[in-house]
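Please look over the sequence and the model shown here before reading on.

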Amino acid sequence: MKQNKFLKKQILFICLLIFTSITIHGQTTVNGTITSSEDKMPIIGATIVVKDTKKGVNSDFDGKYTLNNVSPKDVLVIGFLGFKTVEITVGNKSVIDVVLQVDAQSLNEVVVVGYGTSKKRDVTGAIASVSSKDFEKQPLTDVSKAIQGRAAGVQVRQTSGSPSGGFNIRIRGANSITGGNDPLYVVDGQFISDLSTVNVNDIQSMEILKDASATAIYGTRGANGVVLVTTKKGRSGKTKISVDVFTSISNVYKKLDLMSPSEFAEGVNFAEGQIFYTQAEIDALKVGGGEDWQDRLFSTGIANNAQLSASGGSDTVDYYISGNLLNSSGTVVSQDYTRANLRVNLNAKLTDKFKIGVNFNGGFEKLIGDRADVSTGISWDPTTPAYKADGTYNFLPIKSGVATASKNVLVAVENNIQDNNENRLAVNGYLNYDISKDLVFNSSAGIIKADAHNNSYNPFITSSIGIANVRNIYSTKLFNTNRLTYTKDIDEKNNIKVDVIQESVNERFDNTLIYASNFFTDLVSYNDLTVASVYKVSNSPQSRQLNSYLGRINYSLLDRYLLTLSYRADGTSVFQKDKWGYFPSASLAWIVSDEIFMKDNEVINNLKMRLSYGVVGNQGIPIFGTRSRAVLDPAVNYAFNGALVVGAAPSNRLANPDLTWETTKQINGGFDLGLWNSALTLSFDYYRKTTSDLLLDTQLPSYVGPTRRYVNAGVVENKGFDITLGARILKNKNWNINSTLSISHNKNKVLSLYDDVQYIEVGDAIRENTFPVKPTRVEVGLPINTFRGFIFEGVYQLGEEAQGTPGKAKYRDISGPNGVPDGLITTDDITNVGSGNPDFTWGWNWDVNYKNWNINFLLTGSQGNDIYNFQRARLMALGALQFHPVYGDYRDRWTPTNPSNIPSSRDGTQILSTQFLEDGSFVAMKNIALGYNFKNDFLEKSGIDKLRVFASVENLFILTKYTGFDPESTFSSINQDADAGIDYNSYPNNRTFTFGINIGF
């Protein structure tokens, strides 16, 4: 009996040992190397995840990985973009090397399509994708730079080189004349108004929705295209910490050819026909003296950028946290810019059915300093130093009536106070509940708050009385989106996905402006307005609501015939009567390469044909744009019984309660092609979109009383094509070279305006007392942006005295009061002379890897656009404020012995003429970056997973015939589309050298 008990104990002990052994051996460590079947090279960043969990790691720079605590029953899922995903059971293996096969289709990649995601192969609309891998090797500080040149059909112009930036984004041209043409920006489901608030280092991917079938899901806000931004998320595994630091040194890309002080003095004597400067004074200027105003106004800008991020998670929770700080000084005196961002993205799986998440983004921007007036500064008298010998200012030119009537610009720059601050907070949370296998409910809600405080003070030295402006702008946006998604594989041939969505957006704005003047001291500036004696206060609280309902159906037959239908209804508070707009869309796709007759094709591995049509709307008018509001202003107050009484004046705007949606209809046809296992890819789209019932801000006859009124009238057409060509040029043991070329062509035309009106003027007059007419106008049959002016035909020469004075500008006599040439040059001879719209824009991105070295560069270009160089016109002494030329062309002015075509004397019409209309075409090396990745064996001892050092140059070269600072940097006006291509007092773009380091732990 005792023996049996002992035997039982032995058996139990042996079983316990076996179980313990199994348990110990069941939790093991697996490692291996991930390589490519194509070139046997290691794959960096491949994901190795335990199936049905979030436990996983990424392969390192040598393609190696280590995964701890896995059991023999676990299944590893190994994948990487562009390769087929494989699944391997661990079993008793401790080393698992995997060779991934190239996925020629590359169509299982998931892209964001608006209110959800889709496999790339299932997309039926025109969508351009930009991944962080496309730009992460270049040190960028603005999201717009990441899009520029990388998305066909998207034109991104850097309109200013200021430290706070300045970009203009247009997707397939400008639809509206006065209703706004900015795209809709959506970041992780939040609607924002400005991409500059997003930290480019936080971005995982961007999708640009271009055709109406893709944008109609956003209804009224999708008329001008949609930019969807997805930020980075964490993943299961150890915490990964990344540190990115770089320093940039910037200078104005080029300086203009201006005359030296002695050349200017000689030019003044010639222009005036008398001695303003003696020969002794000119000789003295040749050896020194005077001022180089470009050297005085332009400085070296320094920028420092630091980013710290951490990401990781477990099977149930993942996180991404990042902080970014940018400090930059301008290349035009004197501004400093600071921007800080903090982002926290959290996701949690509470149960098998419940998931929640929250995205938090906070930050601030600060811009200090009064930017110099470049136009006035560089046209100032070069013979007058900025300062006197005692260090005080030369307020005006030493010689009266020379160069310009303006004051020394440094007085304002060095004494005016400008302090702009903005704080912002964005929080967005979501809940995802799997009601059943096929039905999912998602609800998200969020808030975006922004507080801007823009304060300025002009002291006695610049204003003589002390002038302060204090502006506080508060905005709050609340939004909520609720979505039901039903997905069903009906059978092997048919599957369907249905989305039903309800959405609401509420916005409130509060703008308060205080103007104060007649200060008795400069000591307090804008900080204490009680020391002023004149006040003007205005505030304008406003709110806007948008309620929306939409549905979308995605249907797939045989996994190659695809149909997408959507319908959206938007109700807005902006309109009074017709508040609701309805926006349908439909798109079809046929994956030809999946047909049986294409299966054995060794050249074409992917071919998808697409066709779409959709309608979108625009509500882009001021909140009270349909109403007539009385004018309340101190200027209309009046005295009554010896006391000042608040007055009210009739509105200058006539109400239009019938105003309704501007509507854009677009048809798009295209195809996606992959050749030789997608070593060569081509995407082509042709589109035509027509915008009708334009939200036009019209001019009324003076006898009506009110002078402005918004109406629904007019039609604008945009048509063109987008091409994206990708090539995997070389990939072997040492080399990996890829290239992507994007080409866009858009033709813009105004088909009609209101009533029988053939043209309207909506652009800026630049300096209205200088020009006989505005330089642009919107005319039926022509682009929205059409330049006006006299046709310059050179200079009257000797022997042409009967026609005009030798040395003076010659213009074409086109018309007169009776519509025929009359021998006189008057405003009747002003005609259409050009357009700022390009024929083509393009971008060419290259990524070249050799062993541990990498070079990435982006070429961008624009062809066929004109630029009205009013900056050069002023430098040639044209305009009411300029008396004498300072531009270098005046050296070659006409004289009896030098019969050039440079006018030797000024007149009132030269400034608005083709003499200053230039070809704005260019080719630019927008960014080139050279980097080196140190190998792991060098880093392992220090615990560093990644170490990369790099250097880059932005605007290394710009090939152009344009004589101004930069063909991209142009004047920002009240209507950027009507005035596109006007260069006047613009902030020049810069050539920037950057040095930095990326470290990963």
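The largest nonpolar core has 53 residues, and F264, L297, I378 and Y868 have the most contacts inside it. A nonpolar core is a set of buried Ala, Val, Leu, Ile, Met, Phe, Trp, Tyr and Cys residues joined through side-chain atoms within 4.5 Å; buried means under 20% relative accessible area (1.4 Å probe, protein chains only). This is a predicted model, in which local features need pLDDT of at least 70, side-chain atom pairs count only at pLDDT 80 or more, and totals for chains, interfaces and linings use all residues. Residues are numbered from 1 along each chain as its sequence is written, and side-chain values use heavy atoms, with hydrogens and water left out.

- The most comes from α9, with four residues.
- Leaving out residues up to four places away in sequence, I378 touches L256, L258, W293, Q294, L297, Q871, L875, V886 and F965 (contact means heavy atoms within 4.5 Å).
- A second, separate core of 41 residues includes F167, Y185, L195 and I217.

**Sheet**

- An open sheet of three strands runs in the order β4-β1-β7, with mixed pairing (strands pair if DSSP finds at least two bridges between them).
- Its edge strands, β4 (64-70) and β7 (98-100), each pair on one side only.
- β1 (residues 28-36) pairs with β7 in the parallel sense over three bridges, and V98 in β7 is the bridge partner of I34.

Definitions and conventions. Helix = DSSP H or I, 4+ residues; strand = E, 2+ residues; numbered from the N terminus. Buried < 20%, exposed > 50% of the residue type's maximum accessible area, 1.4 Å probe, protein only.
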